[in-house]
Amino acid sequence: MTSYKELDLVNTKEMFAKAIKGGYAIPAFNFNNMEQLQAIIKAAAEEKSPVILQVSKGARNYANPILLRFMAQGAVEYAKSLGWENPQIVLHLDHGDSFELCKDCIEHGFSSVMIDGSHLPYEENVALTKKVCDYAHQYDVTVEGELGVLAGVEDEVSSDHHTYTDPEEVIDFATRTGVDSLAISIGTSHGAYKFKPEQCTRDANGRLVPPPLAFDVLDAVMEKLPGFPIVLHGSSSVPQEYVDEINEYGGKLPDAIGIPEEELRKAAKSAVCKINIDSDSRLAMTAAVRKVMATKPAEFDPRKYLGPARDEMEKLYKHKIVAVLGSNGKAE
């Protein structure tokens, strides 16, 4: 077994407590490859922001669990080389779907895991989440659970509808499971198509305007669990400049729509201390790659299109850290 402490990683307990008190949220950036990891670490190191390296089951299989462990260790050393003396970096499993997967991640150096039993009947969700917590807490690994269902598609996670979290369930769930943080559903959604056109209105330019988040549900959850760490999944904003660039250079992303950044900033000032962002970096990377491929058709060196993609993602991550999450300067 490899403990995350051997890799110089940290869990989420202390950083979440500071985030709630300070009125900001920790960025949880999903990554699948080296370029994404480099961009995340460089952005976090330069902005001195605590950061969560988030890996789905599919991304872990893609990267390989053994290589991933050394990538995480390398990320810490890379951060130090950039002048970040005490990096606050978490390696987190996103949407773990079984006890066995969570256990394996813990044994391969993850410092935090999510067990997503939200698709199960309530009592089964409680039992599964408690089982993971009981195991993880032996090794000082933090656990995220989920109540409510998010719509959309992301890797193996898929639902054609959302179900808001029931505030009446949160005290019982948190107490009986021992979970360290709770992902809730207030209208965010996975993927680049977070809302159907019929759910939205259109502005004067014909662009879709998404429905507002259910802050009343968030307020009710916070009233039931004051000071408890809350997590928002499906919180990419789907920047229209990337959608337009992808479409300009041969892509096809009609009516892609995300969560307005001002709503995420509002959430970050509350007990929401972790906000997940995945699709935005995928869009930034794809837009940059498509542009090089279209404007330089003779290019075949991967560094010549992945390099600009990495730079664009770094720019995106810095923007999220500073303008949306407010986590810059919180990990000096």
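**Note on strand pairing and helix packing**

1. In strand 13, Ile277 is the bridge partner of Phe29. This pairing belongs to a set of four bridges that join strand 1 to strand 13 (residues 272-277), and the two strands run parallel. Strands pair if DSSP finds at least two bridges between them. Helices (H or I, at least four residues) and strands (E, at least two) are DSSP runs, numbered from the N terminus.

2. The model is predicted: local features need pLDDT of at least 70 and side-chain atom pairs count only at pLDDT 80 or more, while totals for chains, interfaces and linings use all residues. Residues are numbered from 1 along each chain as its sequence is written, and side-chain values use heavy atoms, with hydrogens and water left out.

3. Strand 1 (residues 26-30) is largely enclosed by the rest of the structure, because five of its five residues are buried. Buried means under 20% relative accessible area, exposed over 50%, and partly exposed in between (1.4 Å probe, protein chains only). In a regular strand the side chains alternate between the two faces of the sheet. Both faces of strand 1 are covered, with Ile26, Ala28 and Asn30 buried on one side and Pro27 and Phe29 buried on the other.

4. Strand 1 is also joined to strand 2 (residues 51-56), by three bridges and in parallel. Within strand 2, Ile52 stands opposite Ala28. Strand 1, helix 2 and strand 2 form a right-handed β-α-β unit. A crossover is right-handed if, with the strands pointing away from the viewer, the path from the first strand over the helix to the second runs clockwise.

5. Helix 2 (residues 34-47) packs against helix 12 (residues 302-325) at an angle of about 40°, with the axes 8 Å apart. Helix 2 is therefore oblique to helix 12. Axes are lines fitted to C-alpha atoms, for helices over the stretch in contact, and angles run from 0 to 180 degrees between N-to-C directions. Angles under 35 degrees count as roughly parallel, over 145 as roughly antiparallel, 65 to 115 as roughly perpendicular, and the rest as oblique.

6. The crossing of helix 2 past helix 12 is right-handed; a crossing is right-handed if the near helix is turned clockwise from the far one by less than a right angle, and left-handed if anticlockwise. Residues making the contact (heavy atoms within 4.5 Å) include Ala39, Lys42, Ala43 and Glu46 of helix 2, and Arg310, Glu314 and Tyr317 of helix 12.

7. Glu314, in helix 12, is buried, with a relative accessible area of 10%. Leaving aside residues up to four places away in sequence, Glu314 touches Ala39, Lys42, Ala43 and Glu46.

8. Strand 4 (residues 112-115) has both faces covered: Ser112 and Met114 are buried on one side, Val113 and Ile115 on the other. Three bridges join strand 4 to strand 3 (residues 89-96), in parallel, and Ser112 is the bridge partner of His92. Strand 3, helix 5 (residues 99-107) and strand 4 make a right-handed β-α-β unit.

9. Three bridges also join strand 4 to strand 5 (residues 142-147), again in parallel. Met114 stands opposite Glu144 of strand 5. The chain passes from strand 4 through helix 6 (residues 122-136) to strand 5 in a right-handed β-α-β crossover.

10. Ile257 lies in the loop between helix 9 (240-248) and helix 10 (261-268). Its relative accessibility is 6%, so Ile257 counts as buried. Ile257 and Gln240 are 17 residues apart along the chain, and their C-alpha atoms are separated by 8.0 Å.
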